[in-house]
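These notebook entries record what I looked up in one protein chain.

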Amino acid sequence: LSDITEEIDRENKIITDLLSLVKMDKKAADMNITNMNINELLENILKRLRPIADQRSISLILDSFRPVNADVDEVKFTLAISNLVENGIKYNVDEGWVRVTLDADHKYFYVKVADSGIGIPEDSVDHIFERFFRVDKARSREVGGTGLGLSITKNVIQMHHGVIDVESTPGEGTTFSMRIPLNYVPRQEERL
Ligand code: ATP
Ligand code: MG
């Protein structure tokens, strides 16, 4: 029975993830933009994930260089960053760390999610944003997941007209870096 329950949970998560991807294929008409304090938003994400990190004595650190207010879709942006921090925890070593940094200039804000984890092999780095792509099928199965998290994250960042990049060293860790405009201006093809 517990196998069945686990499988239902897993399928439920796939369906939820797929739904959020499908919904995001629609245009920015349903971007729900508000100007928000990003420091607080990140703080809340870390607070929510801390119990999971604590189970493996992984520390979650937030480094804010300045107060940042920016135009974001709170639900989508929270999902994007949560996926990265969840990965940072999942693909880490016991007693490791995940460090989120926030900075801004007059035009953009910058979020980095860095971890002290297992890293990503060089030949996989170019594929990790693809739907259903997972590095080590056997090991990945143990930690659970569907391979949709990062494609959702990339989608969301692009919907905010931002860019995301990854750098990783196997055995040392991984850093995701994002640059997102402070002000959201809908593009021509996104209006309506
Ligand atoms: P889920 O859909 O639950 O997020 P997932 O975590 O496997 O499942 P993604 O978040 O898209 O899917 O990540 C894809 C793959 O990239 C992972 O399976 C893992 O192999 C690798 N990966 C992602 N983030 C990291 C990281 N921080 N460190 C090492 N490997 C990572
Ligand atoms: Mg993931």
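Entry 1: I note that the model is predicted. Arginine 99 has a relative accessible area of 32% and is partly exposed. Aspartate 63, at 29%, is partly exposed as well.

**Entry 2: the other salt bridges.** How many salt bridges does the structure hold? I find four. One of them joins the side chains of aspartate 94 and arginine 56, at 3.0 Å from N to O. Here the residues sit in loops: aspartate 94 is between α3 (74–90) and β4 (97–104), and arginine 56 is between α2 (38–54) and β2 (59–64), so the bridge ties together parts 38 residues apart in sequence. Is aspartate 94 buried or exposed? Its relative accessibility is 53%, and the cut-off for exposed is over 50%, so aspartate 94 counts as exposed. Arginine 56, with a relative accessible area of 27%, is partly exposed.

I also looked up the salt bridge in which the side chains of lysine 76 and aspartate 73 meet, at 2.9 Å from N to O.

**Entry 3: strand β5 and its partners.** I next turned to strand β5, which covers residues 108–115. This strand is mostly covered, as six of its eight residues are buried. Which way do β4 and β5 run relative to each other, parallel or antiparallel? They pair in the antiparallel sense, over seven bridges. The two strands form a hairpin, and three residues lie between them. Within this pairing, I located valine 98 opposite aspartate 115 of β5.

Strand β5 is also joined to strand β7 (residues 173–181) by eight bridges, and these two strands run antiparallel. As an example, I noted that lysine 112 has serine 177 in β7 as its bridge partner.

**Entry 4: a nonpolar patch on the surface.** Which residues form a nonpolar patch on the surface? I find Leu1, Ile4 and Ile8, which together have about 380 Å² of accessible area. Isoleucine 4 has its place in helix α1 (residues 2–25). With a relative accessible area of 51%, isoleucine 4 is exposed.

**Entry 5: the whole chain.** Finally, I listed the secondary structure, which comes to six helices and seven strands. Along the sequence, I read the pattern as α-β-α-β-β-α-β-β-α-α-α-β-β. The radius of gyration is 17 Å, close to the 16 Å that the globule rule gives for 192 residues, so the chain is as compact as a globular protein of that length. I also noted that the C-alpha trace spans about 50 × 35 × 30 Å along its principal axes.

Of the 192 residues in the chain, 44% are buried. The accessible surface comes to about 11100 Å², and 52% of it belongs to carbon and sulfur atoms. Among contacts between residues at least 6 apart in sequence, I recorded that 72% join residues at least 24 apart.

Note on methods. Residues are numbered from 1 along each chain as its sequence is written. Chains are lettered from A and ligands numbered from 1 in the order in which they are written. This is a predicted model: local features need pLDDT of at least 70, side-chain atom pairs count only at pLDDT 80 or more; totals for chains, interfaces and linings use all residues. Side-chain values use heavy atoms; hydrogens and water are left out. Helices (H or I, at least four residues) and strands (E, at least two) are DSSP runs, numbered from the N terminus. Buried means under 20% relative accessible area, exposed over 50%, partly exposed in between (1.4 Å probe, protein chains only). Two strands pair if DSSP finds at least two bridges between them. Patches are made of residues with over 30% relative accessible area and no salt bridge: like charges are joined within 9 Å, nonpolar side chains (Val, Leu, Ile, Met, Phe, Trp, Tyr) within 5 Å. Accessible areas come from the Shrake-Rupley method with a 1.4 Å probe; for residues, only the protein chains shown count as cover. The radius of gyration is taken over C-alpha atoms; the globule rule is 2.2 Å times the number of residues to the power 0.38. Contact means heavy atoms within 4.5 Å.
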